[in-house]
Amino acid sequence: MNRAVELLSEAEKQKPGKGSRGKELRDLGDHPEGARVKIMSGRYGDYIKWNKTNVTIPKNLKVENITLDQAIELISTKRKK
């Protein structure tokens, strides 16, 4: 019985829940308007996060090669929409 309880609690910990957040992959640095620009890994793929703005990374860009300037450009494009 104790072993069953252990297995169930381990399985529960591994489930992605509603409150689960993306995992940080890289920290690109500070945005000129303040706050950090980060690359996160989420449920639907990798994205750029700055303040409350989330930007999907285009398929033609690789996460390892994205610079702070590219991320700022993608963020400003998203903010204009």
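Me: What do buried, exposed and partly exposed mean here?

Reply: A residue is buried when its relative accessible area is under 20%, exposed when that area is over 50%, and partly exposed in between, using a 1.4 Å probe and counting protein chains only. This is a predicted model, in which local features need pLDDT of at least 70 and side-chain atom pairs count only at pLDDT 80 or more, while totals for chains, interfaces and linings use all residues. Residues are numbered from 1 along each chain as its sequence is written, and side-chain values use heavy atoms, with hydrogens and water left out.

Me: OK, so is L68 buried, exposed or partly exposed?

Reply: L68 counts as partly exposed because its relative accessibility is 23%.

Me: And where does L68 sit, and what is it in contact with?

Reply: L68 lies in helix α2, residues 68-80, where helices (H or I, at least four residues) and strands (E, at least two) are DSSP runs numbered from the N terminus. Leaving aside neighbours within four places in sequence, L68 is in contact (heavy atoms within 4.5 Å) with L28, G29, D30 and V37.

Me: What does I75 touch?

Reply: Not counting residues up to four places away in sequence, I75 touches H31, V37, I48, W50, T53 and V55.

Me: H31 came up there, so where is it found, and is it buried or exposed?

Reply: H31 is found in the loop between β1 and β2, and at 7% relative accessibility it counts as buried. Its side chain reaches the backbone nitrogen of E33 at 3.1 Å. Beyond residues up to four places away in sequence, H31 touches V37, W50, I72, I75 and R79.

Me: Changing topic, how many salt bridges does a search of the whole structure find?

Reply: The search finds five salt bridges, each being a side-chain nitrogen of Lys or Arg within 4 Å of a carboxyl oxygen of Asp or Glu. One of them joins the side chains of R3 and E6 at 3.6 Å, N to O, and because R3 and E6 are three residues apart in helix α1 (residues 2-14), about one helical turn separates them.

Me: What about E33 and R79, and why would that pair tie parts together?

Reply: The side chains of E33 and R79 meet in a salt bridge at 3.2 Å, N to O. E33 lies in the loop between β1 (23-30) and β2 while R79 is in helix α2, so the pair ties together parts that are 46 residues apart in sequence. E33 is exposed, at 55% relative accessible area, whereas R79 is partly exposed at 44%.

How values were computed: Polar contact = N/O pair within 3.5 Å; in protein donor to acceptor, adjacent residues only side chain to side chain.
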